[in-house]
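Dear colleague,

Please find below the structure that I am handing over to you. My notes on it follow directly after.

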Amino acid sequence: MPAPTVEDRVAELDDRWRRAVADLDNLRKRHAVELARVREAERARVAAAWLPVLDNLELALAHADADPDTVVRGVLAIRDQAVQVLAALGYPRDDETGVPFDPKRHEVVAVVDDAGTGPNTVVRVVRPGYGADGHELRPTAVAVSGSRE
């Protein structure tokens, strides 16, 4: 068998290159379709996790004319259920006081004088945060104690 000519070798390499490019393009298209499918499945999973919370809110509204204490207890239970849903999705509630200020977890909205705590201590949670370990959905808005001078 005679040795391939340069033109034959160039044609073979060109064919291999075109096939590789086509395979890559097909892979890219398959990946885009799969990614869209996974995103839709995840959106459906998260939405389904919130359905019981919505159901319970509707039940609470249906009983809005009941005893106010009963309605408040029901709304608090629904709030707790919503907090549990967020925790199950990987975003636990952060509403600790008496802990040192951590700029990774906290957003300072007020500095207050509090003789009973050391400087830079969270004394009040203004708005709870959700998330942990660098995966914050929202930081905790806090009031911290100021420095003593």
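In which strand does Thr140 lie? The model is a predicted one, and in it Thr140 belongs to strand 6, which covers residues 140-145.

Is Thr140 buried or exposed? Its relative accessible area is 0%, so Thr140 counts as buried, the cut-off for that class being under 20%. Leaving aside residues up to four places away in sequence, Thr140 is in contact with Asp94, Arg105, His106, Glu107, Val125, Arg127, Pro128 and Gly129.

I turn now to the chain as a whole. The protein chain contains two helices and six strands. Read from the N terminus, their order is α-α-β-β-β-β-β-β. The radius of gyration is 29 Å, whereas the globule rule gives 15 Å for 149 residues; the protein chain is therefore more spread out than a compact globule. Along the principal axes, the C-alpha atoms occupy a box of roughly 95 × 55 × 20 Å.

Burial, contacts and surface may be summarised as follows. Of the 149 residues in the protein chain, 16% are classed as buried. When contacts between residues at least 6 apart in sequence are considered, 56% of them link residues at least 24 apart. The protein chain has an accessible surface of about 11,100 Å², and carbon and sulfur atoms account for 59% of that area.

Finally, a word on charge. The protein chain carries 20 positive and 26 negative side chains. The centres of these two sets are 5 Å apart.

With kind regards

Notes: Residues are numbered from 1 along each chain as its sequence is written. This is a predicted model: local features need pLDDT of at least 70, side-chain atom pairs count only at pLDDT 80 or more; totals for chains, interfaces and linings use all residues. Side-chain values use heavy atoms; hydrogens and water are left out. Helices (H or I, at least four residues) and strands (E, at least two) are DSSP runs, numbered from the N terminus. The radius of gyration is taken over C-alpha atoms; the globule rule is 2.2 Å times the number of residues to the power 0.38. Buried means under 20% relative accessible area, exposed over 50%, partly exposed in between (1.4 Å probe, protein chains only). Contact means heavy atoms within 4.5 Å. Accessible areas come from the Shrake-Rupley method with a 1.4 Å probe; for residues, only the protein chains shown count as cover. Lys and Arg count as positive and Asp and Glu as negative; His and the chain ends are not counted. The place of a charge is taken as NZ of Lys, CZ of Arg, CG of Asp or CD of Glu.
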